[in-house]
Amino acid sequence: MPTDHEQTTVNLPQAPGPDTPGQISTSAEEGQQGQSLKELAANLSEALMRAEFSETRDLLAIPNELMRAPVPDARTAGTEVDQTSRHELARSLAEASLRAEGSLTNLCEDWIERHDYFDRLLANSLVFIERICTQWSGQSGLEDAVRTALLKRRFVFAALLIDQPEFILDPSHPVAQLLNFVEQLFAGWESAQGPAPGFVSRAFDTLQNLLDDDHVLQHEQQVRTLEQVRTEWQREQKRRQILEQRLTDSELGQDLSMQAESLVAQRLNAVASHFQLPVQVIEFLQGVWQDSMLLACRQHGPESKQYRDMHVLCDRMVFAFREIESELQRQKLFGFAAALSTEVGQRLGSLDNDAGRKSSVLATFDAALQDILRGKELERQPWPVLAAAQRGRAAESAVNGAASGNDDVAVDAAKLMQKLGPSWFRRGDRLCKALIYLPWQQAILWSDFAGRKVLTEPLAEVLAEAEKGILTAEAGAVPLYAVARRVGLRTVQAYLDQKVQASERFAAEKVQRETAREKAQAEAAAILLARENAQARADEEKAEAARQMQQAELDSEAKAELQLLQAAREQIDAIHLGGSVQIRKNGEMVNGKLAVRLNATGKLIFVNDLGLKLEEILRDDAVQRLLDGDIIIRDAGQAFEARLARAVGRIGVRN
């Protein structure tokens, strides 16, 4: 377990803006692409055991107020993991979380009543999940009741984190998939529109039952629950697809019908509105013929041969039944009158299933045509103009062949639909998504959570909102797992960075200690060398004195002086650090001690009893003053220097 100097303070990362599900991308994740999932899980596990999050210290203070027995020290509390396996710790936490009912204080109280420890791994895991849930709660678009139910069980997630740290890193982990499935099932649902459908409630109940189960940590139980929810999800996906397809087919059919009605009405108005026609012909054109044209347009499209043929026949019928103004017109009519009835009869598709009525209608049509050929006067009246629905902006009548602006509108609509995607938007008081674009109406069809129609909204209005930047999706695409994974990856990266920094700091301190040790050794060697040089100089002086006495054959008095000088030198050299002397200063003898001997320069520094400098004397001057009686040696200080040498020796051993 970590010791005090191994612990690393790591601040949990704050959540950035919402990520799109399935496209979670963070700098931490990009920086960890070289790590396997197993390595990531191991690093996260280590971070939870060794790191000290910013909130951990506050959480570890809670047991201090609750425990009757002394609480484990925060620096060593993690050692309990050696006594209790991670699995057992997680299992105990899962049981305690059910009793806590979502309250951290209740959880701590319950834990302390039943256990004699509250370790760092437990505290870090709780802090980690608490931060994740706090961030998710502020971003999720789920209804309050659903969000509250999940947050109430957040400490079970902490138990999963302890037992299975890959839970928040691996998208394929059963619990991670469960959370994604359930949140997607609820996407777009609003309690204001009524209770959630049964299949959604069943899936959510299945997840809650797992989180409340004693076997929540068992992989087999997680997989079984996942299969149940996946089955509900697949059934719901199929149901939604069916409902949305029905709505799509219905609305597109209605859009095509509106287009056909408008095109047919405009065509008939264009060819007949300038003439007075026989009453029975007007009834024919605005009756079975209009129905047949609508049928052809709906079945085959406005650009089909079937519809275009009927389009041309409209001109020929009006020409045949309008008032004859010249003999040339009558001769021209005789030229195609025989084939006109046959061609019209072949295209009365609206009467294909009613042969009797078709024969009757054609008989009336033929009779009117024969009357015109005979020159018989028929009752005529102006053409009653048919109502024709108009398209949206930037579109002209298809009858006039206008396509200007239509292609641009179609491109704008396609871009808008791609931008809207599967997201949910607030339209009025309803939450809905864009299902399809209706080309004739130039409108967006919005559907609700149940696949029902909410409204059709003009494309121009939606485009205007998009251009103004006020068309924003509702926050519903930030799953709990997405936030947990993002924070987990960033926490691992932060912890690894802290480990690298700690390692670099330790290496730098080691270099500093090594440098200091080498410097101390060099200084000690220099002191020993100076001592040896001083001793060699003293020995040389002694030998030189002996040689001088022999060579000069000094008389006894000179020899005595020389011996006295040598004796004074030896006494001065024999004074050790701390040696006590009396020095004449200003005519008075003052007590002092040798504080410093600089062998390289031969300088001696004496201090008084208060440690203040008394005299700074060269060795030769000190010898002379000793001979003159201005210095009296009271104690050479051998015992003090012996103690000092032993102390220096011990310091050298430790270095």
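Here are a few exercises on the structure above, each with a worked solution.

**Before you start**

This is a predicted model, where local features need pLDDT of at least 70, side-chain atom pairs count only at pLDDT 80 or more, and totals for chains, interfaces and linings use all residues. Residues are numbered from 1 along each chain as its sequence is written, and side-chain values use heavy atoms, with hydrogens and water left out.

**Exercise 1. Work out which helix holds Arg240, and whether Arg240 is buried or exposed.**

Step 1: Find the helix. Arg240 sits in helix H11, residues 219-272. Helices here are DSSP runs (H or I, at least four residues), numbered from the N terminus.

Step 2: Check the cover. Buried means under 20% relative accessible area, exposed over 50%, and partly exposed in between (1.4 Å probe, protein chains only). Arg240 has a relative accessible area of 8%, so Arg240 is buried.

Step 3: Look up the neighbours. Leaving out residues up to four places away in sequence, Arg240 touches Gln184, Leu185, Ala187 and Phe449. A contact means heavy atoms within 4.5 Å.

**Exercise 2. Describe the salt bridge between Glu227 and Arg230.**

Step 1: Recall the idea. Side chains of opposite charge can pair when their charged atoms come close. The cut-off for a salt bridge is a side-chain nitrogen of Lys or Arg within 4 Å of a carboxyl oxygen of Asp or Glu.

Step 2: Read off the distance. For Glu227 and Arg230 it's 2.6 Å, N to O.

Step 3: Glu227 has 39% relative accessibility, so Glu227 counts as partly exposed.

**Exercise 3. Compare the cover of the two partners in the salt bridge of Asp448 and Arg452.**

Step 1: Confirm the pair. The closest N and O atoms of Asp448 and Arg452 are 2.9 Å apart.

Step 2: Take each partner in turn. Asp448 is buried, at 4% relative accessibility. Arg452 is partly exposed, with a relative accessible area of 49%.

**Exercise 4. Follow Arg619 from its helix to its salt bridges.**

Step 1: Start in helix H20, residues 619-628, where Arg619 is one of the buried residues. The relative accessible area of Arg619 is 12%.

Step 2: Go to the partner. Arg619 and Asp620 meet in a salt bridge at 3.5 Å, N to O. Asp620 is exposed, at 55% relative accessibility.

Step 3: Widen the view. Glu541, Asp573, Arg619 and Asp620 are linked in a network of salt bridges.

Terms used:
Helix = DSSP H or I, 4+ residues; strand = E, 2+ residues; numbered from the N terminus.
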